[in-house]
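Subject: Structure handover and findings

Dear colleague,

Please find below the structure that I am handing over to you. My findings follow directly after it.

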Amino acid sequence: MGFSTDAIHAGNEPEATTGAVSVPIFQTSTYVQPELGRHKGYEYARTGNPTRRALEENLAVLERGAAARCFASGMAAISAVATLAKAGDHVVVSDNTYGGTFRLYSKILAHMGVEFAFVDTRDSRNVERAMRKNTRFVHLETPTNPMMSLCDIPAIAAIAKAGGALVVVDNTFATPYFQRPLELGADIVVHSTTKFLNGHSDSVGGAAISKTQELDEWIGFVQNAAGAILSPFDSWLVLRGIKTLAVRMERHEANGRAVARFLTTQPKIRKVYYPGLPDHPQHALAGKQMRGFGAMISFDLGSYEAAGRLLGAVRLCSLGESLGGVETLISHPATMTHASIPEAERNRLGVTPGLVRISVGIEDVADLIADLEQALAAV
Ligand SMILES: Cc1ncc(COP(=O)(O)O)c(C=O)c1O
């Protein structure tokens, strides 16, 4: 089926007893069993819940995976996937990944005997050079947060496969509407459903979608054993959000392109990072592996003071962490989302004190541009 049809119908079967068209929120911790040794498919709600199952079925279809598992946050999903590596294993990671992923790997898993190589995955040869005999998986984020750089998923997947490693792609920014990593050679897709998938800034959640049943079996085992499950209500919110994902992403992107174009005309802005701009170094790659460029833009105002003035002057754009909601959110990566990355490393990556990130919402774009214009006047 087409994307919108799947988004609305996959996993969203009418409820068996009443025919309710919206999957009910099964707010229960356990299920009565008709007799000893026999149950109706559900035993205990950490292990399985029909609302969460509906979302998992929906996401598996949208990402073209064999199965999906939903978690209490994007980080919980990434933590579950990370258990594929054990002490003595090696993992290659995009050096320009979400700060929380960097923190999880460098501050927690590194202490448990897993070795990490953080490399610039814009150039696939860096992945090739970093691969070792014990490389268990390669973790990619594309486009990256907040520098909007891309990595060539098919090229890196071929390198990883040749070395016997799996490829995990964080598809939070693009969503399956614009990019399907499993079709490009990846083995597992992770999401912070908190962002575009839910889309309304009212739920925190995560998902891991596996290409094979075998991988899903392990992720499902961890989901149940470690227990960081998505609640029934949050599962319902994300299911509901996904029904409008296609129309939201179209509007997000149209607004994103217009805002990016506007920002490039502003003399106070030194650089605009957006894969949809023809001068983005990976614009051609974006056209090849993505169906659209999304709505995440970063731009550099040259100093912390200038960024502070702009962020203090915006009225419609809301200053806050997170992204992917219908409302435009604007943030300062160096002190907010990426504060956990050491300063020298941040500067090397381009996460400078003057960098501002904007998650363009679906408001009327003229209002967004007018707001940015008046805020730039204060810089
Ligand atoms: C690309 C990316 N991956 C993962 C996460 C973590 O997700 P969560 O905040 O839902 O744990 C985030 C959060 O900002 C993110 O931007």
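Of the contacts in the chain with a separation of 6 or more, 73% are accounted for by residues 24 or more positions apart; contact means heavy atoms within 4.5 Å. The model is a predicted one, in which local features need pLDDT of at least 70 and side-chain atom pairs count only at pLDDT 80 or more, whereas totals for chains, interfaces and linings use all residues. Residues are numbered from 1 along each chain as its sequence is written, and side-chain values use heavy atoms, with hydrogens and water left out.

Overall dimensions

The radius of gyration of the chain is 21 Å, which agrees with the value near 21 Å that a compact globule of 379 residues would have. That radius is taken over C-alpha atoms, and the globule rule is 2.2 Å times the number of residues to the power 0.38. The C-alpha trace spans about 75 × 50 × 35 Å along its principal axes. The accessible surface of the chain comes to about 15500 Å², and 55% of it belongs to carbon and sulfur atoms; these areas come from the Shrake-Rupley method with a 1.4 Å probe, and for residues only the protein chains shown count as cover. Buried residues make up 58% of the 379 residues, where buried means under 20% relative accessible area, exposed over 50%, and partly exposed in between (1.4 Å probe, protein chains only).

The chain contains 14 helices and twelve strands. Both are DSSP runs numbered from the N terminus: helices are H or I with at least four residues, and strands are E with at least two.

The five-stranded sheet

An open sheet of five strands has the order β8-β9-β12-β11-β10, and its pairing is mixed. Two strands pair if DSSP finds at least two bridges between them. The edge strands, each pairing on one side only, are β8 (271–273) and β10 (318–319). Strands β8 and β9 run antiparallel and are joined by three bridges, with Lys 271 opposite Asp 300 in β9. Five bridges join β9 to β12, again in the antiparallel sense; here Ser 298 has Arg 357 of β12 as its bridge partner. Strand β12 (residues 355–359) also pairs with β11 (residues 329–331), antiparallel over three bridges, and Leu 329 has Ser 359 as its partner in β12.

Strand β9 (residues 296–300) is mostly covered, since five of its five residues are buried. Met 296, Ser 298 and Asp 300 point one way from the strand, while Ile 297 and Phe 299 point the other way.

Strands β2 (residues 90–94) and β3 (residues 115–119) run parallel and are joined by five bridges, and Val 91 stands opposite Phe 116 in β3. From β2 the chain crosses through helix α4 (residues 99–108) to β3 in a right-handed β-α-β crossover. Right-handed here means that, with the strands pointing away from the viewer, the path from the first strand over the helix to the second runs clockwise. The buried residues of α4 are Gly 99, Gly 100, Thr 101, Phe 102, Leu 104 and Tyr 105, and they pack against α3, β2, β3 and β4 (135–141).

Helix α3 (residues 74–82) is itself mostly covered, with seven of its nine residues buried; among them are Ile 78 and Val 81. Ser 73 caps the N-terminal end of α3, a side-chain oxygen lying 3.4 Å from the backbone nitrogen of Met 75.

Thr 97 lies in the loop between β2 and α4 and counts as buried because its relative accessibility is 1%. The side chain of Thr 97 makes a polar contact with the side chain of Glu 141 at 2.4 Å. A polar contact is a pair of N or O atoms within 3.5 Å; within protein, one must be able to donate a hydrogen and the other to accept it, and residues adjacent in sequence count only if both atoms are side-chain atoms. Leaving aside neighbours within four places in sequence, the contacts of Thr 97 include His 139, Asn 145 and His 338.

Helix α14

Ala 375 lies in helix α14 (residues 365–377) and counts as buried because its relative accessibility is 0%. Not counting residues up to four places away in sequence, Ala 375 touches Leu 310, Ala 313 and Val 314. The C-alpha atoms of Ala 375 and Glu 128 are separated by 44 Å, and the two residues are 247 residues apart along the chain.

Yours sincerely
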